[in-house]
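User: I am new to this structure. Please show me how to read it, one feature at a time.

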Amino acid sequence: MANITKSPWIIHYDGSSCNGCDIEVLACLTPLYDIERFGIINTGNPKHADIFLITGGINYQNVDIVKNTYEQMVDPKVVVAVGICATSGGVFRECYNIMGGVNEVIPVDVYVPGCAVRPEAIIDGVVQALGILEEKRAQLEKEQGGAKK
Amino acid sequence: MINPFIGAILFVILAPLLGGLVAGIDRKVTAHMQGRVGPPVLQPFYDILKLFEKESVVVRPEINFYIFCYLVFLVITGAIFYAGEDILLVIFALTLAHVFLVIAAFASSSPYAHVGAERELLMMMAVEPMLILAAAGMYMTTGSFFVSDIIDHQSMGGGLLVLSIPLLFIGIVYILTIKLRKSPFDISTSHHAHQELVKGLTTEFAGPTLGMYEIAHLYETVFLLGFVWLFFAGAPLLGIVVVAVVYFLEILIDNTNTRAKWQFALRSAWLVALVTGIINLGALVVL
Amino acid sequence: MELLLFLILFPALMGFVFLVFPNNKARDVMVALAALVIIAATVIFFLQNYGAGTVIYEIEPGAVSTAMMAIEVVLALGVLYLAAKYRQWIVGALVVVGTGVALYAETLFTGPEHLNNLFVDEFTLIMAMIIGVIGSLICIFATGYMRDYHGHHKEIADKRKGFFFLLFVFLSAMFGVVFSNNMFWLFFFWEITTLCSFLLIGYAWDEEAQKNAFWALLLNLLGGLGFGATFLYLAFIDPSGDLVMLDSLIAAGPAIAMIPAALIGFAGLAKAAQMPFSSWLLGAMIAPTPVSALLHSSTMVKAGVYVIVRFAPIYDASFVGFLIALVGGFTFLLASGIAISQSNAKRVLAWSTIANLGLIVTCAGIGNAAAVWAAILLIVFHAIAKSLLFLCTGTVEHRIGSRDIEDMGGLISILPKVTIMMIIGIAGMFLAPFGMLISKWAALRAFLDTPYGIVAVILIAFGSAVTLFFWTKWMGKLLQVAWKPEPKREGEVSAAELYSLTTLSAGVIAICLGFPLLSSIVVEPFLEGIYGIGASLGDQNIAIMLMMMVVVFILPLSLIFFRRNPKMIPHYVGGRTETGDMHFAGSMGMQRKVLLSNYYFEGIFGEAKLGKAGNILCTLFIVAIGIVLATGVIA
C-alpha cells in the first residue's frame, strides 16, 4: 500500500536563496547521485508533486507564491526546507525584506540545514520525509474511510 | 485466427501490465544512456498506484469524466485492434479518445493546460494523415481493412506487409515519436522529469485523474506497438524483434534530441506522410 | 400524386398568404402550423413511397410549361430592373443570356410532348425529407429568431412578411428541383432558388448586403448557364426532346450524356459553392441566421450537390468525373484549412459547409456505388447537423451578443442546453461514431477501389485531420468553464427556437443510430436500381459503431459519481493567487484576467492564401474539363 514512498515526486521552489542550495538540489539529479533510483522525479507542477523542496528564506515578494504552491499540492504532501536560509533565514535573518524561514508561512516537516547543503543531506532529508509522507497517507486513508462510513 | 473476443479481452487485461513493463524498461534504458542507474523496472506501476493513493482534487469535476472517457475509448481502440477488426475504425476510435483528452485539458481552463491542449490537437492533426495513409496502403496490399485479414494475408504466403509498403512503415515510425510523446516531439506534454509549460495538457490533472491518464497511455503504447508489429505479422517473432528495435530507436531519439517547435513537428510529419504516401501508394497502383 | 403536387404547391401558397398577413403572433403561429403540415406531408409521402422504386408521374406539360415560361420572363424582367437600378451590368447580361437561351432552346425541340415530367425515387425521397423536415424546422425557428433580430437591429426595416414569403417559396422551389424529371422544369425551379436566395441574402439591403446578394446572384446565374448550354446541346443532338428527361438522359450512358453531365455539373459546382465559386456562400453570411441555415443545410447548396450526385453514374470511372472529384477534393482540403483560421462561428460553419460539399462532390465525381452511398449519407448527415449548428449559433449570438468563438468560452455554464445541442452538432460533424465520419470512412473505402482513387484518399486523409482541429478547438472553447462558472441565462431563449433545436438534436442522434435502417430501406435500393449492386459498411462495423454510440451515451452517467462532493482547488497560474473568476494577482498589485485564446495559424491556413490557391487550382480543373470535352478525349 505504501506506493507513495516508492514514487515521491518533487517540486522545487527557490525562495530567496543565493542559488548555492539550488545547484546542490540539481546535483541530486545528476548521474552521480541519481535520485531517480528512488523513483523521485523533479516535476515542475505542484498538482503532481508530493514533496515541496524550498531553498532560501521567505521574503515579502514570494510569500504568496509559496503559500499558493503549497495549496495547489494534493494531499498527502510534505515540505522539506533545504539549507539554513530555508530553515531559519540564515545569514539573511532579520534582513529588512526577509520574513524568516519557511515555517513562518507553511508547516515544514523536515529541516535540512547546511550552507550550502550537501546533496547527500538533501537525499537524506527527502528519505526522512518519505516516512512522514507515509504517515500522512495512512492518516488520510483513515479519515476518508471514516467519512465513507 | 484466434477468437476476436479473446484478443480483445487479453488486450484489456494484459496491456497495462505489458505497457508498464515497457515504460519501466524505457526509463531504465534511458537512465543507462545518461550514465545513471535509474529507477526500478516496476517504477511505472508504483507511480500509478501512488496516484490513486492521493486525494482526488480537481479544478472542475467534469475533467474526471472526460479523462475517464479518454481511458475508456483508448481501451476500446486497442480492443478493436486486437480483436482483428477494421483498422480505419481503430484510427477513428483513437481520434475520439484523444478528443476527450484535449477537451479535458481545455476544460481545466488553465493557461498551461490550454496551450498543451492546442498543441496536442496540432499533434493529432500532424499524425492523422499518416495513419490513414498507412491503412490505405494495407488495404491496397491485402485487399482488406480488417486487422485479422491483414495478418492472415501475410501468414498465408502474401509476404510481409513491410515489403510492399516500406515507406509507409518508415512514416509510421516517424509519427510514433509524436504518439509516444518522445523528444523532439513531446510538445503537448512530456514524460517524467522533462518539463516545459509546467506539464502541458496534464498540468491540472492531479492524483487519480492523472492516474487514469497514465493508464490510458500504457494502453496506447501497447496499441501502437501492435500497429508497428502489423507490418511484420507474417513472421510474428521477427515482428516482436522489430518492435523492440523500433522502441529502442525511439528511446535513442528521445535522449539525443532537444524539443522541436510545433511548426517543425507539423510540417515534417505532414511532409513525411505526403512523400511516403504518394510514392508508396503510387507505386502500389502502378505496379 | 396529389401529395407530391401538394408538397410543391402548398409552401408557395402559404408564402403568398404570409405576404399579406400582418406581423404578429398569429402569423408566427400560422408559420409554425404550415411548417408542421409540410413536415407531416413529407413524412407521409416518404412512408407511402419508400418501397416503390422509381415512380414517374405524368403531367400534361402544355399549360404548366407556358405558365413557367411566363413566370420566368416576369422574374427576368424584375431582376433586370434591379440590375439596372444598381448598375450590375454583368448580372443583367447573365439574366438576358440565361433566360434567352432557355426560352430559345425550348422552341428547338420538335418532338411530341412528353408526359413524364415529375418523378420520385429513393434519392428524391431523401432529399424531400431533408427539405420538408429540416427546412420547415428552420422556418419555425425563424419566427422566434426574427422577432429578436429586429429587436437587436432597429436600423433594419422590418420586412418579415416578404421574408416568410421567400422562405416558403424557397421550400416549394426545392421540392420542384428534386421532383422534376423534365430538365426545363428543373431549371425553372433552380432559377427560383437562385432568386430567393438573392433576395434573402439581401434582406438587410444595406450596402454590404446588396453587394453580397448581387455577387451570389452573379455566380449562380453564371452556373445556370450550364443548363442553357445543356439544352442547346441536347436540341442539337436529338430534337425529339427525349433526352431532356432526366431519367432518359442518365439511362443514355456516358457516350451521350457526358457533355450534359459536365455542363450541369458546372451549374452544380457553382450552386454548391465549390472553389472557385465559394465566395458567394461566405458573403451570404450577412443574412439573418435562419437564411444561412436554410442555404447551407436543406436547400440551395444541396440542390447543387443533388444534380451532381444524380449524374454520378455518368461520371463513374471517367476522366471528367475524376476532374470533378479533384475540384471537390481540393475544395474539401483547402476549405477545411481555411476554417482553422476563422474565429467567427458563422464563417467557420460556412467554410466547413463548403468543405463537406467538396467531399460530396468528390464522392459523386468518383461515382461508383460505394462512393454514391457515402455521398447520399453525407448529404443527410450534413443537412441535419449543420442546420442544428447554425441555429445554435444564431441563438447564442442573440444571448451573448457575439458570434465569435473566442467569446463562447465557458458557454456550457451560461446556456447549458443550447451548448449541449451545439456539441451534439459538432460531434455529428467529425467524430466517430457519429454521422459524418461514417460517410468519410465509406468514402475512403470507395476511393481505394478506383484507379485514380489514391489522389482523393490523400486529399481526404489530410482534409479530415484538418477538420479535426477546428471542430475540437471550438468544442473545447465551449467547455472551458472558469473555476467559478458564470450564472445561467437560459431562460431568455424563445420556445420556438428551443423547439427547433431540440427536434434537430434528437434528429442528429436518431439519424446516427438509425443510419443502417436508412441505408437498407432507401439508399441501397436506390444504388441497386442504378448500379445493380448495393453498398454499405459491413454489418460487423456497424455493430461496433453502434456499440461505441451506446458507450458514448452511457458514459455521462459517470458524472454522477465524479460530481459527488468533489474537492476543488483553483488553477495553477505559476504560483500566483487566483480568484475563481479567472483573475490572478499580477505584478504591482494588479488583478489581471486570464485570457485564453485558440490557435488560428493565419500564416499557414490564412483565408487569402489558401483561398487563392484553391480558386486557381479548381479553375484549372474546370478549364481542363472543358478542354477534355472539347477535344473529345472522353475516357
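User: Which residue of chain B stands opposite C:Met568 in β3(C)?

Analyst: This is a predicted model, so take each feature as part of a prediction. The residue opposite C:Met568 is B:Val58. Two bridges join β1(B) to strand β3 of chain C, residues 567–568. These two strands run parallel.

User: How many residues are in contact between chain B and chain C?

Analyst: Count each side separately. Chain B brings 53 residues, and chain C brings 48. On the chain B side, the elements that give two or more residues are β1 (57–58), α3 (61–82), α4, α5 and α11 (262–286). Helix α5(B) gives the largest share, 15 residues. By class, the chain B side has 36 nonpolar, ten polar and seven charged residues.

User: And how many residues of chain C are in contact with chain A?

Analyst: Six residues of chain C meet nine residues of chain A. The chain C side of that contact divides into three nonpolar, two polar and one charged.

User: Back to chain B. At what angle do the axes of α4 and α5 cross?

Analyst: First the general idea. Two packed helices are described by the angle between their axes and the distance between the axes. Now the case. Helix α4 of chain B covers residues 87–107, and helix α5 of chain B covers 111–142. Their axes come within 10 Å and cross at roughly 175°. Angles over 145 degrees count as roughly antiparallel, which makes α4(B) roughly antiparallel to α5(B).

User: Which residues of α4(B) and α5(B) meet?

Analyst: From α4(B), they include B:Ile87, B:Leu88, B:Ile91, B:Thr95 and B:His98. From α5(B), they include B:Glu120, B:Leu121, B:Met124 and B:Glu128. By class, the contact has 15 nonpolar, four polar and two charged residues. An α-helix has 3.6 residues a turn, so residues three or four places apart point the same way.

User: Now chain A. In what order do the five strands of the open sheet lie?

Analyst: Read across the sheet: β2-β1-β3-β5-β7. The pairing is parallel. The edge strands are β2 (41–42) and β7 (110–112), and each pairs on one side only. Inside the sheet, five bridges join β3(A) to β5(A). One place to look is A:Phe52, whose bridge partner in β5(A) is A:Val79. Helix α1 of chain A, residues 20–27, packs on the sheet and touches β1, β3 and β5 of chain A. Its direction makes about 140° with that of β3(A).

User: Which residues of α2 in chain A are buried?

Analyst: Helix α2(A) covers residues 63–72. Its buried residues are A:Val66, A:Asn68, A:Thr69, A:Tyr70 and A:Gln72. Ask next what covers them. The cover includes β1 (9–14), β3 (51–55), β4 (58–59) and β5 (78–82) of chain A.

Terms used: Residues numbered from 1 in each chain as written. Chains lettered and ligands numbered in written order. Predicted model: local features only at pLDDT ≥ 70, side-chain atom pairs only at ≥ 80, totals over all residues. Buried ≥ 20, exposed ≤ 12 C-beta atoms within 10 Å, placed from the backbone. Helix = DSSP H or I, 4+ residues; strand = E, 2+ residues; numbered from the N terminus. Contact = placed C-beta atoms within 7 Å. Nonpolar A, V, L, I, M, F, W, Y, C, P; charged D, E, K, R; others polar. Axes fitted to C-alpha atoms, helices over the stretch in contact; angles between N-to-C directions. Parallel < 35°, antiparallel > 145°, perpendicular 65-115°, else oblique. Pairing = 2+ DSSP bridges.
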